Amino acid sequence: MQTFTDYGQNAINNLAQRYGVSNDAVTHMLYAVMNGNGTMAQFNHPELGGGGQWMQGGMTMVGDMFNYGLKAKVDGLCVELSNLLGGQQAVFMPVSNPTQFHGNRNWWPDELGIASTTGGQNNTRYAYFPTTCRLAVDINGQVTVYNTLDHQIGGVSQQQGGNNSMTFSSQYGNVQVDQLPIVSVNGVAPFVPAPAPAPYYPNNNNVSNNNPAPADNGDIFALIERLADLKQKGILNDDEFASKKAELLQRL
């Protein structure tokens, strides 16, 4: 954890006194806002209602959902911390190794650039890149990059579990992560089987050009096994696997 400057520590002390919480609660929320690039925060602190989420613009969720006074307190605190981090005066002491405290803002591939929104909970974290239509999700160290297509992502809901339980909101409503095309997994593009070449039959009296001989069953079963392996690795979802399998079975 970084060391605060005198200005930063005084700001924390002042916020704790004005909002009636401990310095630890303010510090916890400061790091949560910082990890959200100043625009959002996901936090879990008993003085702030346990687990909750804040997003710049007025969206605040706390564990005690009907405690509107607590919501107002969290929103006000986060707004002030966002302004504090975006101010000209340094909140943290400089460190000799500038990469030491990057936190979870630099776990995604370098080519994605700077995320507009980041967040995380438990063993899952995400970063959204609207200019390149990319969404990076890190689950237990496995980083998957998705193509967000024309979705304009504006919020996230996370449940216990893997990426299938992560749902984002866009202008079209809610969209689950596993509905988006995969660009890469740990920097490697997913393997997509090439379509099998059309069988060639000589032009003779025994084989008609309009009724070619059926494809070799062994090749089709081998392709289905490869598709099942891709599904098991999470590269293909259930719908994609079923569609490809049906196409192959039709060629038997």
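**Close-up views of a predicted model**

**View 1. Gln 56 and what it touches.** Set aside the neighbours within four places in sequence, and Gln 56 is in contact with Gly 38, Thr 39 and Ser 82. Keep in mind that this is a predicted model. Gln 56 sits in the loop between β2 and β3. Is Gln 56 buried, exposed or partly exposed? Its relative accessible area is 48%, so Gln 56 counts as partly exposed. Ser 82, one of the contacts of Gln 56, is itself among the buried residues of α3.

**View 2. His 45 in strand β1.** His 45 belongs to strand β1. With a relative accessible area of 7%, it falls under the 20% limit and is therefore buried. Which residues does His 45 touch, once those up to four places away in sequence are left out? They are Ser 22, Asp 24, Ala 25, His 28 and Gly 50.

**View 3. Where α1 meets α2.** These two helices pack at an angle of about 115 degrees, and their axes are 8 Å apart. The crossing is right-handed. On the α1 side, the residues in the contact are Gln 9, Ile 12, Asn 13, Leu 15 and Ala 16; on the α2 side, they are Asn 23, Val 26, Thr 27 and Leu 30. Sorted by class, this contact has 5 nonpolar residues and 4 polar ones, with no charged residues.

**View 4. Where α2 meets α3.** Helix α2 (residues 23–35) and helix α3 (residues 68–85) cross at roughly 65 degrees, and their axes come within 9 Å. This crossing is right-handed too. From α2 come Val 26, Met 29, Leu 30, Val 33 and Met 34, while α3 brings Val 74, Leu 77, Cys 78, Leu 81, Ser 82 and Leu 85. How many of these contact residues are nonpolar? The tally is 10 nonpolar and 1 polar, with no charged residues. The spacing of contact residues along a helix is worth a look here: an α-helix has 3.6 residues a turn, so residues three or four places apart point the same way. Val 26 and Leu 30 also take part in the contact with α1.

**View 5. Helix α3 and its cover.** From first C-alpha to last, the 18 residues of α3 reach 26 Å, close to the 26 Å expected at 1.5 Å a residue. The buried residues of this helix are Leu 70, Val 74, Gly 76, Leu 77, Cys 78, Leu 81, Ser 82 and Leu 84. What covers them? The cover includes α1 (6–19), α2, β1 (40–45), β2 (50–55) and β3 (59–61).

**View 6. The nonpolar cores.** The largest nonpolar core has 28 residues, and those with the most contacts inside it are Val 26, Met 29, Val 74, Leu 77 and Leu 81. At least two of its residues come from each of α1, α2, β1 and α3. Which element gives the largest share? That is α2, with 8 residues. Zooming in on Val 74, and leaving aside neighbours within four places in sequence, its contacts are Met 29, Phe 43, Leu 48, Thr 60 and Val 62. A second, separate core has 14 residues, including Val 137, Ile 139, Ile 153 and Met 166. Met 166 lies in strand β9 (residues 166–170) and counts as buried because its relative accessible area is 2%. Its C-alpha is 9.6 Å from that of Val 137, a residue 29 places away along the chain.

**View 7. Two loop residues with positive phi.** Cys 133 has a phi near 55 degrees, a positive value in a residue other than glycine. It lies in the loop between β5 (124–129) and β6 (134–139), and at 28% relative accessibility it counts as partly exposed. Leu 149, with phi near 55 degrees, is also a non-glycine residue with a positive value. Its loop runs between β7 (142–147) and β8 (155–158). Leu 149 comes out as partly exposed because its relative accessibility is 41%.

**View 8. The whole chain, for context.** The protein chain has 5 helices and 11 strands. Of its 252 residues, 37% are buried. Among contacts with a separation of 6 or more, 44% join residues 24 or more positions apart.

Methods: Residues are numbered from 1 along each chain as its sequence is written. This is a predicted model: local features need pLDDT of at least 70, side-chain atom pairs count only at pLDDT 80 or more; totals for chains, interfaces and linings use all residues. Side-chain values use heavy atoms; hydrogens and water are left out. Axes are lines fitted to C-alpha atoms, for helices over the stretch in contact, and angles run from 0 to 180 degrees between N-to-C directions. Helices (H or I, at least four residues) and strands (E, at least two) are DSSP runs, numbered from the N terminus. A crossing is left-handed if the near helix is turned anticlockwise from the far one by less than a right angle, and right-handed if clockwise. Contact means heavy atoms within 4.5 Å. Ala, Val, Leu, Ile, Met, Phe, Trp, Tyr, Cys and Pro count as nonpolar, Asp, Glu, Lys and Arg as charged, and the others, Gly among them, as polar. The expected span of a helix is 1.5 Å times one less than its number of residues. Buried means under 20% relative accessible area, exposed over 50%, partly exposed in between (1.4 Å probe, protein chains only). A nonpolar core is a set of buried Ala, Val, Leu, Ile, Met, Phe, Trp, Tyr and Cys residues joined through side-chain atoms within 4.5 Å.
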